[in-house]
Amino acid sequence: MTNIVELLLPLFVGAPLLLGGILFVVPRHHPLQLIMGMGSLLALLGGAIVLLILTFDGTILVHQIALWPGGISIPFVADSFSSLILVVAAIVSVISFQYMIASGEAQSPFIASLVLILAGGVGGALLTADLFNLFVFIEVMLLPSYGLLLFLSRRGDMAASRLYVTVNLLASTLFLAGVGLIYAVQGTVNLAALAGAGDDPATAIATAVCLGALAVKAAVFPVHGWLARAYGSASPAVAALFSGLHTKVAVYIVYRISSVVFEGDGAWMTAIMVVAALTLAVGAFVALGESEIRPLMLFQMVSGIGFILIGVALFTPAGLTAGIVYMVHHMVVMASLLLIASAIEQTYGSGRLDRVAGLRTLLTAAFVISALSLAGLPPFSGFVAKYALVLASAGAGQVLIAGLLIIVSLLSLMSLMRVWADMFNGKRHKDVELLAAEERIRQREGLFDGVVIDSDAAAAEAARALEQHGPPRGVLASGDPHDHRGTRIPLRLVIPALMLSGLSVGLGFGGEFLLQLAEHASSALIDTSDYVEAVMGR
Amino acid sequence: MSLALSIGVLAAAGVFLVLQRGMIRIILGFVLLTHAVNLLIIAAGGVSRRDAPFFGGDTSQAADPLPQAFVLTAIVIAFAITVVLATFAVVGRRDDDTEDVNGSRSQNGVDGELEAQLDSEHESGGERR
């Protein structure tokens, strides 16, 4: 069994790329697009789960491409850490794609192909153990992302896409320069062959160039500014997809490089600690000042990256375990919150806190669960993750960091409570109905977000909707402070977010299991000898 | 030494151009930057040994093939992304915030008035969000 799976490892990259390529020639509205797209993502998820089961006992699956001897070939490696992240990335892709189908965005040209190629790139980046190959797979991830940004741009505005491409090209160039420098010093870019090479100052600096480039991609303070702007004007579902994949892959590689090359060398980890602490504080503070739901969530995401990096900066078994648990939790919950923002923007045409109010649907349940989970309240996954992280920081003697984590969690809770108070609680004003009507007209006629709709047409559309929905059951429409007649968020847009928040509840109750998984993953990061042995084939 | 100097000059010129206004300058800056990095990788393999490893060449003096393979791949990728960037430079001309808006607008002549009108609509639409 293990041998066969090892041989099939390259399929995690090859199959999505091949199917994505085939889908380019399938006609745009052919049902095969969605069936094959969803089918392959589910197959990818299934494969990732098989990997997770096989690597659970500490087995490391290695495939040397073209069966060249270890150290010469490009190795594909699956250990419990990469399999765990691959599973969560596949879950986020499946559910984001489901949202795209529900919202009709998957009808745009080539969407299924682009998502599949993106998934293939993510698989490659998580499984490869060769730094140059990693650079190639990061580019494979980025190219379809540019396409997704372009095809699904809701504002018809290229400024954000330009920013995204420029920032990523700069980071990739820097990463490539780092890889070149590592080759110059060590004569190899095989991660396993570089094990422990961080003791040599020249290698350490060359690797730090790579880590700097990854920090840009992970949106770490002070290079986090691009994230909210670039993701802010993408289609919200794309933002959810990217949030689960791009930044987290960069963080995964930071974990891997810190453990294999630096072996948790104190000075470097202190540097990461400072940056991570700043990132998590700055993200939470900026989120407090945002007036739209999506930028608010995106800065929460920046803050979350800081939390995850604290785990690797501690570099104790407990710290790494907590960091990995936080990473899994954050991928799930952030995608859920961004999909909630998507559903609101898609229905009401605006994500402004002061324009949309009085949402009372199943979406409220999804929001409450995800928001409380992000803030770190029991019984959700956020509680397990934050509790473990605070304990680990205190256990490693970093009491200040532990305190900071708690304070920042309160700040996150505050900004999420603002969303609750403004958007979900509160009385629904007439304006909301007009906004929803304008959005419906825009979607019907395929207009971009900025286009101004004739106010008479919007008013007529709003009146029609109110008539259709009728007064609420059992309540007199007049004088009821919580009258919420009118446009509701369709159930199909709510289900993806509900599924993810359900997963967060599951991970909260199954915290023991999640911690166990993360412990297996972190033990491989602490002691990399098995990894090195497996990859070098010795 | 000449290789190091070339890398330095290319990187400096690239950084200078990337910091300029206008998408085309930024793209040219990235072209120079990627050239600098490609040269860096070639330099990483060592340039003193440059014989071919076949046709009876001395293998101890053979050039390192790996950096050349790296550079070949990197050139193709950088080329693809440059094309994407160039596409972004020409589509959606009105929202290019890297351009000096007032400077470029005045050169548009007849279209200027229409574009100004479109812009004001665009802005009033944008304010709502």
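Mentor: A crossing of two helices is called left-handed if the near helix is turned anticlockwise from the far one by less than a right angle, and right-handed if clockwise. This is a predicted model, in which local features need pLDDT of at least 70, side-chain atom pairs count only at pLDDT 80 or more, and totals for chains, interfaces and linings use all residues. Residues are numbered from 1 along each chain as its sequence is written, while chains are lettered from A and ligands numbered from 1 in the order in which they are written.

Trainee: In which crossing does H7(A) pass H2(B)?

Mentor: H7(A) passes H2(B) in a left-handed crossing. Helices (H or I, at least four residues) are DSSP runs, numbered from the N terminus, as are strands (E, at least two).

Trainee: At what angle do helix H7 of chain A and helix H2 of chain B pack?

Mentor: Axes are lines fitted to C-alpha atoms, for helices over the stretch in contact, and angles run from 0 to 180 degrees between N-to-C directions. Here H7 (residues 159-186) of chain A and H2 (residues 23-44) of chain B pack at about 15°, with axes 8 Å apart. Angles under 35 degrees count as roughly parallel, and H7(A) and H2(B) are therefore roughly parallel to each other.

Trainee: How many helices and strands are there in chain A?

Mentor: Chain A has 21 helices and two strands.

Trainee: What share of the residues of chain A count as buried?

Mentor: A residue is buried if 20 or more other C-beta atoms, placed from the backbone, lie within 10 Å of its own. Of the 538 residues in chain A, 59% count as buried, and the C-alpha trace of chain A spans about 75 × 55 × 40 Å along its principal axes.

Technical notes. A residue is buried if 20 or more other C-beta atoms lie within 10 Å of its own, exposed if 12 or fewer, and partly exposed in between; C-beta atoms are placed from the backbone. Angles under 35 degrees count as roughly parallel, over 145 as roughly antiparallel, 65 to 115 as roughly perpendicular and the rest as oblique.
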